[in-house]
Amino acid sequence: MATSPCSSSGVSSSSSSGLGADAGLEIRTRSVEQTLVPLVSQITTLINHKDKPKRSDKTLQAIQRVGQAVNLAVGRFVTVGEAIANENHELKEEMSIACIEARRAGETIAQLTDVASLDHPESDSHITIFTDKTGVVKAARLLLSSVTKVLVLADRIVIKQIITSRNKVLATMDQLEKVSSFQEFVQIFSQFGNEMVEFAHLTGDRQNDLKDEKKKARMAASRAILEKCTMMLLTASKTCLRHPDCESARINKDGVFHRMRLALEQVIEIVTDSRPNGENEMAPISIYSGIKEFKNKVEGLRENLYFLSKENLSTMLEVILEHTEDFTDSAYTSHEHREHILELSKQAKMELEQLVSVWMQAQNQKTKDLMEDLEVAILKTCQCMNELKREVHSAATSLAADLLKYHTDHMVLKALKITGVEGNLEAVAEYTCKLSEQKEQLVEMCRLLRHVSGTEPLEITCIHAEDTFQVTGPQIISAAETLALHPSSKIAKENLEVFCEAWESQLSDMSLLLREINDVFEGRRGEKRVYLSLPRPGKHNANLKALKPVKLDTEEQAKIAKLGLELHLLTSDVDSETEKWEDQENEIVQHGQGMSSMAYSMYLFTRGEGLLKTTQDLFHQAEIFATEGTKLASALHALSDQVHDDKPLLLLEAEKLISMCKQLQITAKASAQGKSATFTKVDACILKTRNVMTLLCQLLPLCCKLLRKNKAGNGCLKSAPPWKEDRIRTGTNARPPERRLDTFGIKSLENHVANMTFLESK
């Protein structure tokens, strides 16, 4: 497939400051995105100066230094871009235009910020950042857009390198497939090995750089296939050369070549973001993702009664229930699980009917009673879907655990090896039938696990595992048949060993995958981290045992739902702020992340989900949350000793945090007798946790700003991660000549943009 690297730039990118990049560009990699972070931050700072009423000499000098720094950095940046254009003629025109725009924008910013020598910078006689309010914004937008375009164009070179590397691998594979002598095979395979190492490095870097987690998982799956198939290709080809007239050996070898070509093709589809013949990728919808989307739509009725039709909801439920037939129709689902799934499917239909009835009434007459009835119907529908999700998860994971335990001894593989060496064709045929049965069981297990995997990357891993069992099973059979026909052949024996090892390795991977799926379901990883600080028997206060565990009923969940949703939104805000810090090990970040995780688990409690099962769990979590907040306050006091600006404000906020955390601890430890008092306590704990999280959202950017100023421009925002050093080293013999491009590639651009650490006004 001749794929153009140019297809990697499409949609759009923008910043919250309003400095939108070119609408025709899409940033798909972290390196390009993070290279732009300091640029966006510093330009935003520069623009904000035009609205500040106080303009001291110090401020004016700082503004001028910023403008000069921008212009110089852009000049160096453009020089690198022009060097790239000269070495890559297919990009020369686009790159040159982007470089001209960047240079022009840099010069404009320098002119507009030339204010330090003026007595009256606001005078209309001299156009400056203060008099031309829109000019600096236009220049900043042009600069950001052109720099982004240069980076994205340079990124195409990396894509081109991957495509070139893939083409070399394919060409060598074609030669390997046609060789007829061992000597020729050894020579070509040596070249093939070097090319595969090169391809692995390029695609590994690209995988780590991708922003899209789904694409990253697909890339990982393709690279895993190529890695395992390289050894299979070696032994399968050698076996075929040793036994050229053996049909099973030829089938075995053809299967390896075919699978490698498919994997190579998928890598190119990912890096170029394209599909052959313009096809769209249509991944099957899992039960987990279907339920998640369905619940989101149902819960959206709280805010808007008219944003979707009842037919939409009914269709969504029908699709989910159709997928549950994968479980109810499976021969491997237990009778008990099958019955429960059918019962819950029936109940889900009834709950939706009741919800639609109340919903239609509420559209015509929005009374308080009807809205309360709607809230109850929403909660009952969601609760039923949660139970259905829990049931299919239990069915899939219990089947997987049983199968993996049953096949852990690899008895069928051992028997195939023994009977193959004995040349016992009849026994080999018997055990190949057993392996086929095992393959069908494992394939079915992967299909069911995909429905409950919980995240798109894990779904892709399940699909990859299913494909591996589907393909490797017949390959083991053909390898075993070859050995049975040639029982004294050492290479045929080695070949069977390699395919059996691949099967065993995939079974081992399935155990890890099963653990990850369970972790996501229990809230231990995935979309959010959940802080594990629940009391364990015998480890905490003894009087906890005397308390009867209490759960919120449906009506109580309805009352607290809005508060829980606010808490959820705040955890997202906090996570967004902590991700901006360069030093993720910073004590303030660590405490902030811990508090966000605990708050998220408390939000899940308001929905009847997650690890906090009872009100006592919630109260204990609130205590731990308050303790973590107190530790954060101590870290803020330590920071105040390091900074000069805004120190009183920081100390004031720290004292406010300590006071709020003490109040939360008092509330969490207070006794509550009876259902009403317990719910009041729950409501108070969630409310006070929300207030602490609101304060945390204000504290994190303040601390980041103070640290950035304290480090004199080095910044606490993430800078671009260095690409592999061996990719930009000069003067090494271990690198092919064509990789010299990287000396003028993304790395150099990153370095020059990183040099745009403009001075900020004190």
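Trainee: In which helix is the place of Ser596?
Mentor: This is a predicted model, in which local features need pLDDT of at least 70, side-chain atom pairs count only at pLDDT 80 or more, and totals for chains, interfaces and linings use all residues. Residues are numbered from 1 along each chain as its sequence is written, and side-chain values use heavy atoms, with hydrogens and water left out. A helix is a DSSP run of H or I with at least four residues, numbered from the N terminus, and the run over residues 587-606, where Ser596 has its place, is α17.

Trainee: Is Ser596 buried or exposed?
Mentor: The classes rest on relative accessible area with a 1.4 Å probe and protein chains only: buried is under 20%, exposed over 50%, and partly exposed in between. Ser596 has a relative accessible area of 1%, so Ser596 is buried.

Trainee: What is the space in the largest cavity?
Mentor: On a 1 Å grid over the protein atoms alone, a cavity is a set of points where a 1.4 Å probe fits but cannot get out, and its volume is the space filled by probe spheres set on the points. By this rule there are 4 cavities of 30 Å³ or more. The largest cavity holds about 60 Å³.

Trainee: Which helix gives the largest share of the lining of the largest cavity?
Mentor: Lining residues have an atom within 4 Å of a point, and in the largest cavity they include Cys229, Arg259, His464, Thr468 and Gln506. By class, the lining has 5 nonpolar, 4 polar and 2 charged residues. At least two lining residues come from each of α6 (213-242), α14 (456-485) and α15 (490-521), and the largest share, 5 residues, is supplied by α6.

Trainee: How far apart in space are Cys229 and Val256, C-alpha to C-alpha?
Mentor: Cys229 is found in helix α6 and is buried, with a relative accessible area of 1%. Beyond residues up to four places away in sequence, Cys229 touches Val256, Arg259 and Met260. Although Cys229 and Val256 are 27 residues apart in sequence, their C-alpha atoms are separated by 6.4 Å.

Trainee: With which side chain does the side chain of Arg259 make a polar contact?
Mentor: Arg259 belongs to helix α7 (residues 247-272) and is buried, with a relative accessible area of 8%. Apart from neighbours within four places in sequence, Arg259 is in contact with several residues, including Ile225, Cys229, His464 and Asp467. A polar contact is a pair of N or O atoms within 3.5 Å, one able to donate a hydrogen and the other to accept it, and at 3.1 Å the partner of the Arg259 side chain is that of Thr468.

Trainee: Which residue lies 31 places from Gln470 in sequence and 6.8 Å away in space, C-alpha to C-alpha?
Mentor: Gln470 is found in helix α14 and is partly exposed, with a relative accessible area of 29%. Once neighbours within four places in sequence are set aside, the contacts of Gln470 are with Lys439, Glu440, Val443 and Arg447. Of these, the residue at that separation is Lys439.

Methods: 1 Å grid on protein atoms, 1.4 Å probe; cavity = no way out; pocket = protein on both sides within 12 Å on 5 of 7 lines; lining within 4 Å. Nonpolar A, V, L, I, M, F, W, Y, C, P; charged D, E, K, R; others polar. Contact = heavy atoms within 4.5 Å.
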